[in-house]
Every structure is written in structure tokens, then in C-alpha cells.
Amino acid sequence: MPELRSLRMLLPALLLTLSVAEASPASDLFRAATDQVTRGYYGWSTADLKALNEKYDALLRVRCSEQGEACPYDTGREVLKDLFKEFGDAHTNVRDPEAAVRLREVTQDLAVQRTGARVVRVEGGLLVVSIMPGSPAEAEGLRVFDLLTTVNGQAAGKRGDENAPAGPNEFVRLEREGRPIRVTVRRPALPDQALSLSTRPLLARDVPTLSWAGADGRVAVISYPTFLPSDASTLFLERLNEAQAAGARGLIVDLRYNGGGSLTECVAAASIFAPVEYQSQTRYNGKLSTYSYTGVNGTRGHFLNLKTVPPGSAAWKGPAAVLVGPNTASCAEVFAYYAQRAGATVVGEKTRGVGNSGVVFGALPDGGVVSVTVLRAFNERGEALPEAITPDVLVPGDIPALTGEGRDVTLEAALQALELKAAK
């Protein structure tokens, strides 16, 4: 039957045509991300990744059924976010091209247009959580914990359960444009103030800053915003040395808005309290391997010399506290873990919950990146690091008290904890 033979010959070509027709930017993004996670994942999730890939691939086909080959990257990214949420490892995720650019700016220590202020979204506005010394924001009078209620005339932050038009991403976009940014600033017991924030080329990464607190003003507070740049631990140690030279009697390290960064940097920084050995277990080509990150006296150590480090080695030996919250994540949780083990009091709220793993970033066809968990974390005894850090002193964050009364209740609790420790 020649007709049947012809059909048999045409069928593979027909199937190939259908397969090609299904290809789209969305499907390209989906496959690029899931392929990298399938090949490289080595985290703590026990979910069936293969089954999830198949489930969400089918959902993507439904979402793209009307647009076909024109189905956009955004649709693929939305489906991937749902997939990875169900997968249950917050370290494994996708980031859009803009987020990838921001990551590259910080990790490569690039100079970009900035005001020097870093903001986070809270109820009623954007909370200023750090200001770079010598920046336009500092010169123009902006302060840490100011609340920006509007940005260029648009409502900022959150309004109930919804995000207002101006958020942190929008603020950064305006900075990169290099034009003045008009903001409304709210401070306790003062009328709202209008400021115009200018920009100039500054390093993209934020730096640790030193301030003082306590009844006698001798408790050093080091705000530590990120572990991403390669000099993060060096800058931290410089601030610590400044505090000691000025006669600090206590130390508070604020990690409430630190989302992590380089393992070498956070391990080195955490070793101001005691020598640190962080072990990572990875899998490559089916074989497991272990690598150690070490720190001594606030600097990067070497695995072999930990055995010869004098007992009691520590760059800081006084009372210490670490402030944490839901935005404390990844490497910042590692720092808090080792500080807590060494005797520092952890104060605040439970952390994000990704402190027991590490990631690499892979490029995606839309210009974004996929973050893939590739290592599991252990201490020097081979015990898995905790997923999250539970504070010794639990203090729920109080944004109204901070922005309406000027009271940082978490810092107050840490100061009280240090006084109690000193009294013993």
C-alpha cells in the first residue's frame, strides 16, 4: 500500500514540524533553566524534580497555546517561579535580566549612577536601610531609617496587601538614569520633608558602616549590608578595628537586611569571634567531594593552619550581639550561626531559611540567570548547618515604632541583652 508507506515517511517530518512550532522564547527559557537545575542541583529538597518539570512543562504549553511561537520570556519565567516554589528550595530560582545586571554590578564592583541610599519596601513607603558614606544621599541629609513615602510623585512601598507603584527596583532604575529623584521623607515628630536626591558614579556594592549606641555611646554598631564584594570581610574588619581603637565596650552587627554573598567573605568575617571551618559537600559527575572554607581573626584562613591557631583566637573578645530578621539570608545566616556558636547573642526574628546551602548562577537566553543550589553546608564536625537561625532573643520587627517614634526596638533589645551579659 503505497499510501500507507507515504504516510509513514511523512510522519517523522510532521512530528518534527509540530515540535518546532511549539518552540518559543518561553519554552526556550523553561528548558534552559530546568536543564541546568536537573544537571547541577545538590541541595536539601526531596521533591521529585523530574515530575515537577513534566507538570510545569504541560502548564507552560497551556499558557502558551494561544500565542504559540510568540509566547514571551515573561510567561516562561512566571511558570518557572511556580515550579521552583513547589520544589521548595528558596536558593534555587530564576532572576530576570534586570536582576542579573544588578548582581553583576555588585559582584564585579562596578561604578554606577547612585544616590548612595539603599531602600526596602515596607508598609507606608521605602525604608532607608543604609547610606554610603560620602554619597549624595548623605550630603543631602538623608538618614538611615528615613521613610520615603513618595518617589517622583508616586506612592512608595506597600499599601495594605498591595505594592505601591514605587518599590526598590523602581528606585534603582531612576538612579541609573542619572537624574535627580524627588522624594518625600517622613521622620518621627516632624512634618514630611521634600528632598531632591542627586546621583553620581559610585560603586554598586554597599559597605559596612560604623555607628554608636548605648547609654554611654560606647557600643559599636556595624551595619553589614552584603557579603557579595570580594573585599566585604576586609571592610568589616576595618570598621571593627576603628571601633576597638575608639574604645568600644560592646559590639552589635546588624544583618537584618543582608541577603548573603560570598562564602569566603562571610566565613572570614564570622571568624572575628572564633576560628571558623565551614565544610561544603558538592556532587560532580555523580561523585561527592568536600571543600572547606576557613577563617581566623576576621581574615581568610587555611585549612591546615587551623590546627595551629592558638586557643581563644578572636579579633573581638567583648560582648557581642547580632541583629537578624526575615531579610537575613544565605551567607548572612552562616555568619549568624558561627557568631551564635561563639557566644554572640542573636536578636530579632527568624531568618530566611537558606543558610545550609550554596549556589552558582547560570546564564539564561533572556539575559537573566538561574540560581542553582549546588552544595550542602556542614560545620567542622560534619553536622549540617541549620536551615534558618532562631534568635536567642525574639523581637518582632516594628516598622511603625521605627518610622513613627524613632525607636529601633530590635536594637534596644540587643543593647539590653549586652547589659545583662556584662552584669553577669
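User: In what order do the 6 strands of the open sheet stand?

Analyst: This is a predicted model, where local features need pLDDT of at least 70 and side-chain atom pairs count only at pLDDT 80 or more, while totals for chains, interfaces and linings use all residues. Residues are numbered from 1 along each chain as its sequence is written, and side-chain values use heavy atoms, without hydrogens or water. Strands (E, at least two residues) and helices (H or I, at least four) are DSSP runs numbered from the N terminus, and two strands pair if DSSP finds at least two bridges between them. The pairing in this open sheet is mixed, and the order is S12-S13-S14-S18-S19-S22.

User: Which strands stand at the edges of the sheet?

Analyst: An edge strand has a single partner strand, so one side is left without a neighbour in the sheet. This applies to strand S12 (209-213) and strand S22 (393-394).

User: Which residue of S14 is the bridge partner of alanine 220?

Analyst: Strand S13 (residues 219-223) and strand S14 (residues 250-254) run parallel, joined by 5 bridges. In S14, alanine 220 has as its bridge partner leucine 251.

User: How far apart are the end C-alpha atoms of helix H4?

Analyst: The expected span of a helix is 1.5 Å times one less than its number of residues. Helix H4 (residues 73-87) has 15 residues and should therefore span 21 Å. The model agrees, with a distance of 21 Å.

User: Which elements do the buried residues of H4 pack against?

Analyst: Buried residues (under 20% relative accessible area, 1.4 Å probe, protein chains only) of H4 include Val79, Leu83 and Phe87. With contact meaning heavy atoms within 4.5 Å, the buried residues pack against helix H2 (25-40), helix H3 (49-63), strand S1 (93-95) and helix H5 (97-107).

Note on methods:
Buried < 20%, exposed > 50% of the residue type's maximum accessible area, 1.4 Å probe, protein only.
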